Amino acid sequence: MMRGILFVLLGLVSGSVMYAWVFPKWFCHVDIAKCSDDGNPGTANALKFGGLSVGILSLLFELAKGAVPVLMAKYLIPLNSFWMALIVAAPVAGHAFAPWGGGKAIAVSFGVLLGLLPQSKALLFLVIPYVFFSAILILRPHALRSIVSFISFFILTLLFEKNLPIIAAALFITGIVTVRHLSSLHKCIPEGQIFGKRIF
């Protein structure tokens, strides 16, 4: 139990470090939370306002802050322990609800799932819908694409993943990301409408 608590706390702290905000600030003296349209301290804005090298560096660290705590935990805590559900979700929650301004938690979500390889293929269940809705059946705005992709990720995980804690982690992650994108969706789609129909 103590190990589980420690890894959850480690994940929350790791996730709360906003590398995509820090690196543009350090190297380019740009506050991406202030100069971007959506105010999101995320990888896409780091790439847009910090340039390619800063964007790639931000992406790598955003992935790592999710992957490393999960990688460490899975060799000390059984993957079928419910603690793993909380440990996998912790970096995502730490990023999304950081007290100094949370982000949308996309890159860190990919990171925690990367940390589960090769024991779980949950990463594939997120990559498939994200690629599909970004390159084939393109959904706009980005907030809608993210929400639909993560809901699809949860459904795929529910159907094809046998490990219950991983399914629970997918549910937690989907809920967090959806909550973080709903406000953006309201701003992007006037009066809650899409394709001429009211959706909320």
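Predicted model: local features only at pLDDT ≥ 70, side-chain atom pairs only at ≥ 80, totals over all residues.

A: Numbering runs from 1 along each chain as its sequence is written, and side-chain values use heavy atoms, with hydrogens and water left out.

Rings of Phe, Tyr and Trp (its six-membered ring) pair if their centres lie within 6.5 Å. Planes under 30 degrees apart count as stacked, over 60 as edge-to-face and the rest as tilted. This rule gives 11 aromatic pairs. Helices here are DSSP runs of H or I with at least four residues; strands are runs of E with at least two; both are numbered from the N terminus.

Both F110 and Y130 are buried. Buried means under 20% relative accessible area, exposed over 50%, and partly exposed in between (1.4 Å probe, protein chains only). F132 and F133 also pair. Their ring centres are 5.1 Å apart and their planes stand at 80°, so this pair is edge-to-face. F132 is partly exposed, at 32% relative accessible area. F133 is buried, at 12%. Elsewhere, Y19, F23, W26, F27 and F61 form one aromatic cluster.

Now the whole chain. The protein has 10 helices and 2 strands. Along the sequence the pattern reads α-α-α-α-α-α-α-α-α-α-β-β. The radius of gyration is 17 Å, close to the 16 Å that the globule rule gives for 200 residues, so the protein is as compact as a globular protein of that length. That radius is taken over C-alpha atoms, and the rule is 2.2 Å times the number of residues to the power 0.38. The C-alpha trace spans about 45 × 40 × 25 Å along its principal axes.

Buried residues make up 52% of the 200 residues. Contact means heavy atoms within 4.5 Å. Of the contacts with a separation of 6 or more, 63% come from residues 24 or more positions apart. The accessible surface is about 10,200 Å², and 73% of it belongs to carbon and sulfur atoms. Accessible areas come from the Shrake-Rupley method with a 1.4 Å probe; for residues, only the protein chains shown count as cover.
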